[in-house]
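Welcome! Take a moment to look over the sequence and the 3D view, and then let us walk through them together.

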Amino acid sequence: MMYYSRLRMASVIGVCLIGLALCLPNFIRQPSPSLPWRQIHLGLDLRGGSYLLLQVDMASVTADRLRGLQDETRQTLLKAGLGYRNLATGAHAVTFTPRTPDETQPDLKVLRAMPMNAPGEFKVEQGEGGQIAITLAADAARQRAYDAVTQSIEIVRRRIDATGAIDPEITRQGEDRIIVELPGISDPERVKNLLGTTAKMTFHLVADSAIGSAVPPAGVEMLPMSEGQGTLPVFSHVDVDGADLTNASASIDQQSGEWAVNFTFDSTGAQEFGDVTRANIGKRFAIVLDNKVIEAPVIRSAITGGNGQITGGFSAQQATDIALLLRAGALPAPLNVIEQRSIGPSLGADSIRAGGYSLAAGFVLVIAFMALFYGRFGWYANIALLANLVLMSAILSLFEATLTLPGMAGMLLTLGMAVDANILINERIREEVARGRSALQAMQAGFERATATIVDSNATALLAHVMLFVFGTGPVRGFALTITIGIVTTLFTTLLLSRMLMVRWYARTRPSTLPV
Amino acid sequence: MFDRPLLRFVPRGTKINFMRGRFIGLATSAVLSIASLILFFHPGLTLGLDFRGGIVVEARTQGPADFNVIRTALAAQHVSAAGVQSFGGPDDVLIRLDTPPDSEPDHEARTQAMVDSVRHAIATLPGAQVLRADAVGASVSKELFRNGMLALGISLLMILAYIWFRFEWEFAVSAVVTLVLDLTKAIGFLVITHFEFDLVMVAAILTILGYSTNDKVVVYDRVRENLRKYRTMPLAELIDLSINETLSRTLGTSCTVFLAALPLALFGGASLSGFAWVMLFGIVVGTSSSIFIAAPLLLLMGEKRLRRDARPPARS
């Protein structure tokens with residue numbers, strides 16, 4: 001117990017030196033890009049920036065799938081030569097009434113054979129009054145939201161990169177959410193608008209015959225015009241999909257002097273675009289962006305080159321943003337911003353200063369306390385404390401953890417608590433001395449007894465904070481992480497380092513009484 | 001200062017009879033906790049943005065803030081029913097808005113749009129800048145609250161299980177009952193001080209719980225050790241002895257943690273000082289409850305069982 005082998009000593013000192021080396025990247029610039037350079041990131045609350053929490057619009061995901069299902073139902077029934085009445089889409093199901101009750105069984109049979117996107121995606125059942133309902137399973141809807149997030153993350157990243165944001169972080173949270181962190185951007189309005197746009201562009205033929213009619217006929221939708229009031233009836237069928245775009249850019253139209261968005265299709269898109277325009281010369285072709293008609297020009301000739309242009313009375317910013325959105329691709333479902341936090345750079349600087357000063361002041365007070373109340377052994381505890389701070393920073397750098405304001409509070413608290421272990425050891429040694437034990441026996445018994453208590457008390461604290469990390473979010477997590485790391489480093493610095501210092505001192509001087 | 005300690009916390013070998021005052025301690029604690037519970041229901045906690053949902057914008061104006069000018073600017077952006085209050089220095093203002101209720105369609109989108117309107121309003125004031133702008137939707141705030149409470153509850157359960165595993169059930173139950181009493185007092189403190197109850201406060205309360213548990217484990221550890229050492233000593237005397245033996249450690253540690261957190265409370269800035277004050281309160285409560293609540297509870301619960309189990313073997 002009182003013997004500290006050279007190997008053990010070397011490894012303890014080695015760990016401290018490695019810790020010191022790992023801390024360095026936080027203070028000096030990376031000398032060469034080939035060196036691994038991990039450092040602590042400052043949280044948005046310290047450097048200023050914005051945090052956005054986006055959620056996939058579940059209602060729209062479900063509605064989208066149900067619309068498709070209604071289409072499939074209609075086609076499946078027609079192909080099987082079966083009829084239907086009152087085909088409609090509700091919030092969770094597609095419903096219709098069979099033409100005659102005799103057709104119910106064949107209806108159920110062909111509908112149950114419809115291809116599903118996932119096993120058990122929908123259920124076909126006969127309800128009250130002979131109505132047949134095709135209900136989406138909740139699990140399948142959730143899976144779709146999950147998939148939508150997976151697809152969206154890449155598109156969100158492309159859109160944000162295009163705005164020139166530096167070091168944005170985009171992470172998934174749970175099934176249907178995305179966290180976007182934008183350091184340095186303290187007003188996220190533009191990003192919010194970009195992300196709040198689905199940017200689904202489609203081309204539809206205009207149903208001129210339905211203009212003016214109050215109720216659109218089957219297969220025709222009334223869509224709002226983007227400029228000015230009014231709606232335009234267009235065929236629901238998508239003739240060309242914007243997903244086939246390869247490029248888009250904003251420029252000023254030579255003839256009108258207006259801002260315009262130019263786009264280029266890939267070969268599939270160009271082919272389709274050419275076919276549709278060739279077959280419908282003289283008709284109007286609506287360009288629809290997010291269910292709004294941007295413009296509906298008359299097709300004058302077949303457009304075969306795969307290039308097109310939209311002029312919708314845009315401003316320069318609008319044209320640039322639309323081009324950006326088209327290039328980045330459409331989101332599979334709308335994303336809603338449900339939480340937003342942004343911190344200006346001046347407040348971040350204030351916080352660093354206040355937090356830093358408090359941290360330093362607390363540290364000085366603790367050191368003074370230990371020196372006054374425990375003398376030599378108190379100083380050993382203080383050295384351990386300093387090592388603790390270094391090791392904590394080292395581990396945080398290694399994880400490239402994000403240091404937040406509550407994280408700083410966690411560090412300070414760890415320093416206060418780390419001293420506890422040393423106090424326990426010192427008090428135990430004092431007790432043993434008071435019982436009349438020799439210096440050696442007192443130190444030995446003191447260490448041995450205190451260790452059990454230290455492990456017990458730290459294990460409980462560790463449990464509480466691991467729970468906090470698992471269930472916490474945002475700043476709470478940062479706080480829990482720092483304390484969890486702090487507990488581990490505390491165990492190392494007190495049980496190994498400060499004890500080593502004490503034992504080495506004893507071996508060197510062989511005192512008859514202890515300075516306690 | 002460099003070799004021998006200059007100061008000593010507690011004189012050597014104290015023999016304070018803590019258990020004599022156990023009923024006074026328990027009664028005081030019960031009264032304080034009940035009072036805190038009453039405060040919790042009326043007037044109740046000041047819920048922060050995280051748990052209430054809504055919009056908070058902190059802005060700094062050029063020169064002392066003129067509330068009327070700010071209100072006019074907000075009204076020009078169609079932001080109504082905004083609470084404008086001073087905050088920190090004379091040129092700092094806090095603008096609060098409630099979110100539309102969840103029953104309304106697009107309430108999330110409208111909440112987000114309201115933040116932009118407030119920003120635009122501030123942009124019209126010369127030299128003013130937005131320091132912070134937070135908007136939390138109603139659904140998120142409910143979820144954050146649920147997760148916060150879940151973290152608190154699970155931590156308590158884990159602590160209970162751990163102490164039960166390491167000690168015996170009397171220790172675990174009296175520790176957790178004491179923790180719950182500490183927790184209610186912390187809530188009472190929050191109600192009185194009007195510190196906003198948000199995620200950071202949940203972290204503060206969990207820290208108090210962790211700290212307080214730590215303190216109790218040290219005392220209990222000594223009780224357990226003494227139970228083995230003094231096989232015939234009456235439990236009340238034994239607990240007193242254990243508290244006295246650990247007293248200088250208990251006070252020493254409380255002092256260092258208190259000293260570490262004090263500068264944070266005084267100079268840590270608006271975002272951290274509330275947190276630090278709650279911590280300071282929790283340190284005092286946690287330390288006193290280890291002595292005056294957790295130990296008497298252990299005595300009440302363990303009086304028969306702990307001693308009977310530890311009766312000296314028949315042979316000796």
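A:Glu431 and B:Arg222 are both buried in this predicted model, where buried stands for under 20% relative accessible area. These two residues form a salt bridge, and their closest N and O atoms are 2.8 Å apart. To find the pair, look for helix α10 (residues 405–434) of chain A, which holds A:Glu431, and helix α7 (residues 199–229) of chain B, which holds B:Arg222; the pair therefore joins two chains.

Over all chains, the count of salt bridges comes to 41. Another of them brings together the side chains of B:Arg60 and A:Asp350, at 3.5 Å from N to O. Here B:Arg60 sits in strand β1 (residues 54–60) of chain B, while A:Asp350 sits in helix α9 (residues 345–398) of chain A, so this pair joins two chains. How accessible are the partners? B:Arg60 counts as partly exposed because its relative accessibility is 22%, and A:Asp350, at 27%, counts as partly exposed.

Now stay within chain B. The side chains of B:Glu196 and B:Arg96 meet in a salt bridge of 2.5 Å, again taken from N to O. B:Glu196 lies in the loop between α6 (169–193) and α7, and B:Arg96 lies in strand β3 (residues 92–97), so the contact ties together parts of chain B that are 100 residues apart in sequence. B:Glu196 counts as partly exposed because its relative accessibility is 25%.

Chain B also has an annotated stretch to explore. An unreviewed UniProt entry lists residues 128–303 of chain B as "domain: Protein export membrane protein SecD/SecF C-terminal". In the model, this span is 86% helix and 5% strand, and its end C-alpha atoms lie 67 Å apart.

Turn next to chain A and its domains. The domain assignment gives domain 1 (6–46 + 345–509), domain 2 (50–55 + 143–341) and domain 3 (58–135). Taken over C-alpha atoms, the centres of domain 1 and domain 2 of chain A are separated by 54 Å.

Finally, which residues of chain A make a nonpolar surface patch of about 280 Å²? They are A:Ile13, A:Leu17 and A:Leu20. You can find A:Leu17 in helix α1 (residues 6–23) of chain A. A:Leu17 counts as exposed because its relative accessibility is 54%, and the cut-off for exposed is over 50%.

Notes:
Residues are numbered from 1 along each chain as its sequence is written. Chains are lettered from A and ligands numbered from 1 in the order in which they are written. This is a predicted model: local features need pLDDT of at least 70, side-chain atom pairs count only at pLDDT 80 or more; totals for chains, interfaces and linings use all residues. Side-chain values use heavy atoms; hydrogens and water are left out. Domain bounds come from an automatic or database domain assignment. Patches are made of residues with over 30% relative accessible area and no salt bridge: like charges are joined within 9 Å, nonpolar side chains (Val, Leu, Ile, Met, Phe, Trp, Tyr) within 5 Å. Accessible areas come from the Shrake-Rupley method with a 1.4 Å probe; for residues, only the protein chains shown count as cover. A salt bridge is a side-chain nitrogen of Lys or Arg within 4 Å of a carboxyl oxygen of Asp or Glu. Helices (H or I, at least four residues) and strands (E, at least two) are DSSP runs, numbered from the N terminus. Buried means under 20% relative accessible area, exposed over 50%, partly exposed in between (1.4 Å probe, protein chains only). UniProt positions are given in the numbering used here, feature names are shortened, and annotations may be inferred rather than shown by experiment.
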